[in-house]
Amino acid sequence: AAIIGLDGARPDLVKMWADEGKLPNIAELMERGVFMEAIPSMPHTMAGWNCIATGARIGTSKISLGLHILGEPITSQLGGTATDMKYCKAETLWQAAARAGKRSILFNYRVRDSDTPGAIPVKNGINVSPGEEPWATPPEVGEELEKALGPRRPRDQEWEADVSAHLVTHYEWDLFMMHTHNIDGVQHRYLYYTVPSLPGWTPEKGEEARKMVLQGYRDSDRLVGKIAKVLGDDTLTVVVSDHGNTVTHTQVLINNLLVKEGLLKVNFRKEAPRARERGRRRGRGGQPYEVDLSKTKALAAGQWHIYINVKGRDPGGIVEPGREYREVQDRIIKLLYDLKNPKTGEPCISIAVRGEDAAGLDYYGPSGLYGDVVFAARPGYTLDPPVTEDLLILKEQPGVARHGMHHPTFRDVHAVCIMSGAGVKKGHVRDRPIHLTDMAPTVAHIAG
């Protein structure tokens with residue numbers, strides 16, 4: 001089984017351009033297999049690649065941007081690592097493969113361990129991670145790749161395709177998993193101006209944006225073609241994304257709202273902020289302010305969570321469990337639902353629930369692991385946690401395309417999944433979406 005991960009690929013754009021003949025390699029896989037939309041995990045990227053690798057929801061894997069590190073102050077959350085094996089509680093496909101005596105190769109897959117520098121070792125396999133140092137385990141694989149293909153060129157799709165093809169033709173393997181970030185980066189920059197009705201659009205910007213987004217998908221199509229060509233007919237070939245992407249026009253700064261409501265107290269620093277630790281956040285490192293926990297009842301983190309500073313649960317907690325805790329929860333939920341765009345009158349939030357009611361959003365587990373309030377943005381809006389000195393809650397933000405803070409049933413953020421190979425129907429388009437949790441068990445079953 002070979003899984004080719006295209007970060008951010010939208011199923012509607014993939015199908016449209018494949019049907020139009022603009023993505024010939026992906027179109028060939030669709031003709032030989034099954035095309036599906038997939039509902040992503042929340043909040044998409046970090047949880048998405050973990051979900052693809054494990055088949056587990058966030059409440060089971062315990063991996064998601066913004067999850068609180070239990071036993072530490074509410075200012076300490078998991079940061080931008082998709083699959084931090086230090087915290088992951090679910091078995092990955094490559095771990096299951098090793099258990100079955102099979103060999104795995106990972107290339108540029110979003111996995112690391114915040115306690116282990118460089119590419120983490122994969123039992124009974126190879127891990128090549130171009131952005132890490134050391135960048136390959138075993139190390140001799142990196143040396144051999146540089147000898148064969150020259151110096152590393154991270155985020156260069158031609159190089160990523162060449163490395164992938166080299167790995168699957170020069171080493172033994174039963175499971176190959178790779179990831180490329182090209183499409184997501186292009187969409188963040190250009191997707192907004194493909195929509196003529198949005199503020200700031202001009203015909204010139206629209207034409208440039210359409211060409212650039214299409215070029216991003218074409219570049220990834222060539223990568224898919226180069227890898228698929230050397231995989232062989234007996235391989236289950238999967239093309240999958242972690243999420244889609246959607247245009248947004250307004251930024252919502254939730255922590256500014258909490259400050260104005262007296263629920264959050266911050267002190268701005270005069271000196272430059274210290275760098276943020278990779279894989280986790282401590283004390284809001286990297287921000288130009290410090291959170292005063294002695295006067296803070298709630299703090300927004302990541303893009304989905306608001307943590308209440310609970311006495312006895314959280315170091316520095318000031319909110320009494322029980323009645324006061326419930327009152328703060330309900331007050332925050334009302335504030336979120338009352339938050340409206342003054343120009344249109346429309347709400348900015350699609351859903352806000354108590355943390356204990358968030359199992360339907362994949363959040364379940366011990367109190368304090370995920371938000372005491374879990375919420376999501378309406379289409380067109382982004383949710384961001386920084387506090388700014390102007391304390392503006394809503395800011396116009398034209399030219400932006402985002403993901404990660406929208407409810408996963410929203411179609412623009414759906415992921416794509418294409419499967420081709422032995423045991424898979426040919427030329428079939430599924431009429432209803434799967435969930436990304438379906439990926440790992442399906443691959444494991446077909447691959448034995």
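The notes that follow are grouped by topic.

This is a predicted model, in which local features need pLDDT of at least 70 and side-chain atom pairs count only at pLDDT 80 or more, while totals for chains, interfaces and linings use all residues. Residues are numbered from 1 along each chain as its sequence is written, and side-chain values use heavy atoms, with hydrogens and water left out.

**The second largest pocket**

- The second largest pocket has a volume of about 290 Å³ (a pocket is an open set of points on a 1 Å grid over the protein atoms alone, where a 1.4 Å probe fits, with protein on both sides within 12 Å along at least five of seven lines; lining residues have an atom within 4 Å of a point; a volume is the space filled by probe spheres set on the points).
- Its lining is made up of 15 residues, and Val34, Met36, Met419, Arg430 and Ile434 are those nearest the centre.
- Helix H12 (439-446) and strand E2 (33-39) each supply at least two lining residues, and the largest share, 3 residues, comes from H12 (helices are DSSP runs of H or I with at least four residues, strands runs of E with at least two, numbered from the N terminus).

**Cis peptide bonds**

- Glutamate 133 and proline 134 are joined by a cis peptide bond with omega of about 0°, and proline 134 lies in the loop between strands E5 (125-128) and E6 (136-137).
- Threonine 137 and proline 138 are likewise joined by a cis peptide bond, with omega of about -5°, and proline 138 lies in the loop between E6 and helix H6 (139-149).
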